[in-house]
Amino acid sequence: MWELTFPRTVVTGEGALEYLKEVEGKRALIITDKVIHKLGFVEKVANYLNQVGLEVKVFDEVEPEPSVETIVKGAEFARNFSPDLLIGLGGGSCMDAAKATWILYVNPDVEVGEINPFAKYQLRKKARLICIPTTSGTGADVTWAAMITDVTEERKMELPTREMVADMVILDPEFPKSMPPRLAADSGLDALTHAIEAYVSQWRNDFSDALAIKAIQIIFKYLQRAYENSGDNEAKEKMHNAATIAGIAFSNSQVGVAHALAHSLGAIFRASHGRIVGIFLLYSIEYATREAMERYADIARAIGIEARSDEEAVEKLVGEIKELYREVRQPTSIRELGISRGDLEKRLEDLVTRAANSSCTFMNPRVPDVEDTRKLFLYAFEGKKVDF
Ligand SMILES: [Zn+2]
């Protein structure tokens with residue numbers, strides 16, 4: 001038996017933001033960050049809401065990798081304003097912050113770290129949630145978990161409950177048009193990793209398979225164009241859709257060891273999530289091929305790779321991914337992130353422990369033990385072959 005969760009409404013395409021004029025409510029709280037506020041995106045959203053008589057307030061204090069403190073502060077802000085609509089506007093951090101803030105706003109006695117899939121939060125008795133992503137990668141607009149950081153313990157918490165899936169997601173290609181190329185590439189590779197890991201995950205199912213394959217096809221066709229030419233509206237719109245499609249895929253399947261390793265590395269060495277996860281994707285495919293050869297071969301064939309055997313198909317798939325990285329100038333090793341071998345080795349045991357305990361690790365088609373996790377970090381450091 002599978003329980004699958006989807007947002008109730010997805011509005012997509014040129015002019016999608018105008019759909020806000022259909023929204024009913026009295027007070028809307030936009031949860032976002034200072035950069036998005038400065039870019040004028042908040043005004044765009046607020047304008048439509050004002051037109052239909054909603055009072056709008058803005059909480060713009062979300063930081064990258066939002067902390068527990070920010071969520072508590074946001075919920076307090078919400079309680080003083082009593083919105084019946086919350087809007088997460090921005091990248092993954094803003095949308096995750098909106099999801100977690102919603103829970104604390106409705107349930108003042110809940111601690112952020114306690115959020116779990118078994119409790120009942122009655123979120124819709126008080127407010128609904130609209131997510132409006134401005135980057136094309138995280139899938140946070142459709143997932144049912146929020147990544148929140150416990151700063152004192154240097155720990156990223158993945159807080160899940162199906163109740164927090166947005167009522168509405170608005171995919172307006174106007175927003176990702178202003179993404180710089182580097183961000184377009186980083187977030188695109190995050191989406192690619194979501195889709196590939198969802199397709200090979202132990203929790204894969206017919207629904208996640210269909211969505212994952214479509215997302216992979218779109219990304220291989222359009223990511224380079226979106227990167228090369230920020231004025232390529234078709235490519236930007238396609239990538240914006242692909243990110244959300246991949247998000248729905250992995251939230252109904254799971255991501256795997258590339259994410260476990262990336263969350264671990266990202267918690268200690270600051271670097272873009274998309275860039276790190278893209279590096280680990282390469283090595284994780286090689287690691288898991290033994291257990292998931294047919295699945296990776298499916299992916300290869302879905303993007304038009306011709307091969308006489310599954311083995312050859314997977315080899316060519318890794319080649320195609322590397323070619324894509326070359327085209328969008330992405331690194332293929334940890335060393336290229338500016339991390340030295342010495343620094344990596346100093347924190348290696350900590351990195352390994354965090355990754356080995358991640359729930360993503362256990363969803364991988366081949367689950368690495370502690371020793372293999374260590375080897376994966378060292379392999380990804382500079383791509384020097386190791387035996388698993
Ligand atoms: Zn990711």
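## Helices α3 and α4

In this predicted model, helix α3 (residues 68-81) packs against α4 at an angle of about 60°, and their axes are 8 Å apart. The two helices, α3 and α4, are therefore oblique to each other. Their crossing is right-handed. On the α3 side the contact is made by I71, V72, G74, A75, A78 and R79. On the α4 side the residues are A97, A100, T101, L104 and Y105.

## Helices α8 and α12

A second pair is formed by helix α8 (residues 257-268) and helix α12 (residues 348-356), whose axes come within 8 Å and cross at roughly 135°. The crossing of α8 past α12 is right-handed. From α8, the residues in contact are A260, L261, S264, L265, A267 and I268. From α12, they are D350, L351, R354 and A355.

S264 belongs to helix α8. With a relative accessible area of 3%, S264 is buried, because buried means under 20%. Apart from neighbours within four places in sequence, S264 is in contact with L351, R354, A355 and F377. L351, R354 and A355 are also among the α12 residues that make the helix contact. S264 and N357 are 93 residues apart in sequence, and their C-alpha atoms are 9.8 Å apart in space.

## Helices α5 and α7

The axes of α5 and α7 come within 8 Å and cross at roughly 35°. In this pair, α5 passes α7 in a left-handed crossing. The contact involves G188, A191, H194, A195 and A198 of α5. From α7 it involves M239, A243, A246, A249 and F250.

A246 is one of the α7 residues in this contact. The helix that holds A246, α7, covers residues 233-251. A246 has 0% relative accessibility and counts as buried. When neighbours within four places in sequence are left aside, A246 is in contact with A191, H194, A195 and A215. Of these, A191, H194 and A195 are listed on the α5 side of the helix contact. A246 and K34 are 212 residues apart in sequence, with 27 Å between their C-alpha atoms.

## The zinc site

The zinc ion is coordinated by D190 through OD and by H194, H259 and H273 through NE2, at 2.1 to 2.2 Å. H194 is also one of the α5 residues in the contact with α7. The spacing of the donor residues along the sequence is D-x3-H-x64-H-x13-H. D190 lies in helix α5 (residues 181-200) and H273 in helix α9 (residues 273-302), so this pair ties together parts that are 83 residues apart in sequence.

The angles between the four donor atoms at the zinc ion run from 86 to 169°, which makes the arrangement irregular. The accessibility of two of the donor residues is as follows. D190 is buried, with a relative accessible area of 4%. H273, at 26% relative accessibility, counts as partly exposed.

## Strand β4 and I87

I87 lies in strand β4, which spans residues 85-90. At 0% relative accessibility, I87 counts as buried. Leaving out neighbours within four places in sequence, the contacts of I87 are with A28, L29, I30, I31, V45, L49, I130 and I132. I87 and A166 are 79 residues apart along the chain, and their C-alpha atoms are separated by 9.3 Å.

## Two loop residues with positive phi

Q122 has a phi near 50°, a positive value in a residue other than glycine. This residue, Q122, lies in the loop between α4 (92-106) and β5 (128-133). Its relative accessibility is 40%, and Q122 counts as partly exposed.

R329 has a phi near 50°, again a positive value in a residue other than glycine. The loop that holds R329 runs between α10 (310-327) and α11 (341-346). R329 counts as exposed at 52% relative accessibility, because the cut-off for exposed is over 50%.

Methods: Residues are numbered from 1 along each chain as its sequence is written. This is a predicted model: local features need pLDDT of at least 70, side-chain atom pairs count only at pLDDT 80 or more; totals for chains, interfaces and linings use all residues. Side-chain values use heavy atoms; hydrogens and water are left out. Donors are N, O and S atoms within 2.8 Å of the metal (3.2 Å for Na, K and Ca); water is not among the atoms, so sites may look incomplete. Four donors count as tetrahedral if all angles lie between 85 and 135 degrees; four count as square planar and six as octahedral if opposite donors are over 155 degrees apart and all others between 65 and 115; anything else is irregular. Helices (H or I, at least four residues) and strands (E, at least two) are DSSP runs, numbered from the N terminus. Buried means under 20% relative accessible area, exposed over 50%, partly exposed in between (1.4 Å probe, protein chains only). Contact means heavy atoms within 4.5 Å. Axes are lines fitted to C-alpha atoms, for helices over the stretch in contact, and angles run from 0 to 180 degrees between N-to-C directions. A crossing is left-handed if the near helix is turned anticlockwise from the far one by less than a right angle, and right-handed if clockwise. Angles under 35 degrees count as roughly parallel, over 145 as roughly antiparallel, 65 to 115 as roughly perpendicular and the rest as oblique.
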